[in-house]
Amino acid sequence: MTAPGVPILMYHSVSADPTDATRTLSVSPKAFTEHLTLIAERGLTPMTTADLATRWRTARALPHRPVLLTFDDGYEGVHRHALPALAEHGFPATLFVSTGWLRGAHATGAGLDTMLDWPQVRELAAAGVEIGGHSHTHPQLDQLDDTALHTELTRCRDLVADELGVPPVSFAYPYGYSSRRVRTAVRQHGFAQALAVGNSLARRAQGPYALRRVTVRRDTDAEEFVRLLDGRAVARAFARDRALTKGYAMVRGARRMCRRAAGVLG
């Protein structure tokens, strides 16, 4: 019998008034609170990314109806709005930070909305939120040459380690894009697991460096959210996304081939 897949929910901004750049992939604080209530009412068990991957790696049993709550980029609303709601339910989560987008001495100024600062990241970690890596400047990693890829991964890993006192063990690919070369580099830089997007349920057979997630958007209503939790009609819900992704993957693959032919990728 095939083991059921695990819904790994991918959030970004939690904001009542998001910027135009983050609006589509944002959720309101009210909607996020309702999501957590639905998770609790349906008896699901939230886990961190590291916990899920470790259990699959060591063949340990998963808890009843596992689910993962993950946040990308590092928006300030994760601290302001999501953390109190998570704490009320006692739910863990994983935050993947683009270290150059966070406010502070290492900021590049490229964040798409008000971003977290490092004291807030430390508070999230102290509250049980796993802090993972999401690169330094949020590029398409599979389009970088080896030197730039190494810099993105090293800078992100080392800043998180310096600021929190422990290195991150989980990673999420910006935009969900990766390649065999990128996945190998992520592993070589000390990350034990990594998340893509894929918009389908995560399964052990995907391997620890290509676990799939489902996107939660501002237009994800309660009915669709429950379907995501239950793993029902996920393929149909994201059929258009997958078609667009497949087409764009062909374009990006052609770009990589051109760079490789020019000797840029090494």
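Partly exposed, for a residue in these views, means a relative accessible area between the buried limit of under 20% and the exposed limit of over 50%. Keep that in mind for the close-ups below, which come from a predicted model.

**View 1. Ala-192 sits in the loop between α6 and β9 (193–198).** With a relative accessible area of 27%, Ala-192 counts as partly exposed, because that value falls between the two cut-offs. Look for Tyr-209 here too: Ala-192 and Tyr-209 are 17 residues apart along the sequence, yet their C-alpha atoms are 7.8 Å apart in space.

**View 2. Tyr-11 belongs to strand β1, which covers residues 8–11.** Its relative accessible area is 0%, so Tyr-11 is buried, the cut-off for that word being under 20%.

**View 3. Arg-65 has a positive phi although it isn't a glycine.** The angle is about 45°. You'll find Arg-65 in the loop that runs between α2 (49–57) and β5 (66–73). Arg-65 is partly exposed, at a relative accessible area of 29%.

**View 4. Tyr-175 is a residue other than glycine with a positive phi.** Here the value is near 65°. Tyr-175 lies in a loop as well, the one between β8 (170–172) and α6 (180–188). Its relative accessible area is 46%, which makes Tyr-175 partly exposed.

**View 5. Helices α5 and α6 cross at roughly 40°.** Two packed helices are described by the angle between their axes and the distance between those axes. For α5 (residues 146–164) and α6, the axes come within 10 Å. At that angle the two helices are oblique to each other, because angles under 35 degrees would count as roughly parallel and those from 65 to 115 as roughly perpendicular. As for handedness, α5 passes α6 in a right-handed crossing.

**View 6. The second largest pocket holds about 350 Å³ of space.** It's lined by 18 residues, and the closest to its centre are Ala-3, Pro-4, Gly-5, Val-6 and Leu-62. Sorted by class, the lining of this pocket has twelve nonpolar residues, two polar ones and four charged ones.

Methods: Residues are numbered from 1 along each chain as its sequence is written. This is a predicted model: local features need pLDDT of at least 70, side-chain atom pairs count only at pLDDT 80 or more; totals for chains, interfaces and linings use all residues. Side-chain values use heavy atoms; hydrogens and water are left out. Helices (H or I, at least four residues) and strands (E, at least two) are DSSP runs, numbered from the N terminus. Buried means under 20% relative accessible area, exposed over 50%, partly exposed in between (1.4 Å probe, protein chains only). On a 1 Å grid over the protein atoms alone, a cavity is a set of points where a 1.4 Å probe fits but cannot get out, and a pocket is an open set with protein on both sides within 12 Å along at least five of seven lines; lining residues have an atom within 4 Å of a point. Grid points are joined across faces, edges and corners, and a volume is the space filled by probe spheres set on the points. Ala, Val, Leu, Ile, Met, Phe, Trp, Tyr, Cys and Pro count as nonpolar, Asp, Glu, Lys and Arg as charged, and the others, Gly among them, as polar. Axes are lines fitted to C-alpha atoms, for helices over the stretch in contact, and angles run from 0 to 180 degrees between N-to-C directions. Angles under 35 degrees count as roughly parallel, over 145 as roughly antiparallel, 65 to 115 as roughly perpendicular and the rest as oblique. A crossing is left-handed if the near helix is turned anticlockwise from the far one by less than a right angle, and right-handed if clockwise.
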